[in-house]
Amino acid sequence: MLDLFKTTGLRFLWISAIIFILDQWTKYAIVQTMTLFESIQITGFFNLTYVHNYGAAFSFLYDAGGWQVYFLSAVALTVSALILWWLRQTTKEQLLLPVAFSFILGGALGNVFDRIMHGYVIDFLDFYYGTYHWPAFNVADSAIFIGAGLLILDMFKNKEANKVDDK
């Protein structure tokens, strides 16, 4: 059993744990120091803005009446279980793929924890240009984005290894 954590992608679960802890710590700090909808300008293009996201990415389904909390939590938990299975399937030689999965797993668990505990996700990173604001996000969202980018990079980097044999 311990070999699984040495010879598979499960050896990178520490990345997921760090992301989850960092995500929850930053959200806790925001909730403890800011009021809902409060915004603190940091630079000419970045604010800390405390908001609740009742939906998914870009507030998709935010006004669905409450069922979306259960649906999005179920999706995130299913994806997390799949990621754990994929991590177990990766070999010791693979590096980028399990790291990507670990980033996504940590972010998914950070946001699903919020949904289960609060009924919404706490967002606070607010980037903007002029009057255009990118939707606020958090550390978990950033980790999911980084993980997705690493997955794409792995697809290009390991193009030959990922090919399906048509024989």
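In the hairpin of S3 and S4, which residue takes a positive phi near 60°?

Guide: It is Gly 130, in a hairpin with two residues between the strands. First, some ground rules. This is a predicted model, where local features need pLDDT of at least 70 and side-chain atom pairs count only at pLDDT 80 or more, while totals for chains, interfaces and linings use all residues. Residues are numbered from 1 along each chain as its sequence is written, and side-chain values use heavy atoms, leaving out hydrogens and water.

Strands here are DSSP runs (E, at least two residues), numbered from the N terminus. Two strands pair if DSSP finds at least two bridges between them. S3 and S4 run antiparallel, joined by two bridges. Look at Tyr 129: Tyr 132 in S4 stands opposite.

Now widen the view. S3 and S4 belong to an open sheet of four strands, ordered S1-S2-S3-S4, with antiparallel pairing. Strand S1 (39-41) and strand S4 (132-133) are the edges, each pairing on one side only. Strands of a sheet pair through backbone hydrogen bonds.

Turn to the other neighbour of S3. Six bridges join S2 to S3, and these strands run antiparallel. Asn 47 has Asp 126 in S3 as its bridge partner. Val 51 stands opposite Asp 123, also in S3.

How enclosed is S3? Seven of its nine residues are buried (under 20% relative accessible area, with a 1.4 Å probe and protein chains only), so S3 is largely enclosed by the rest of the structure.

In soluble globular proteins, nonpolar side chains tend to be buried together.

Contact means heavy atoms within 4.5 Å. Set aside neighbours within four places in sequence, and Phe 46 is in contact with Ile 40, Gln 41, Leu 125, Asp 126, Phe 127 and Tyr 128.

Conventions:
Buried < 20%, exposed > 50% of the residue type's maximum accessible area, 1.4 Å probe, protein only.
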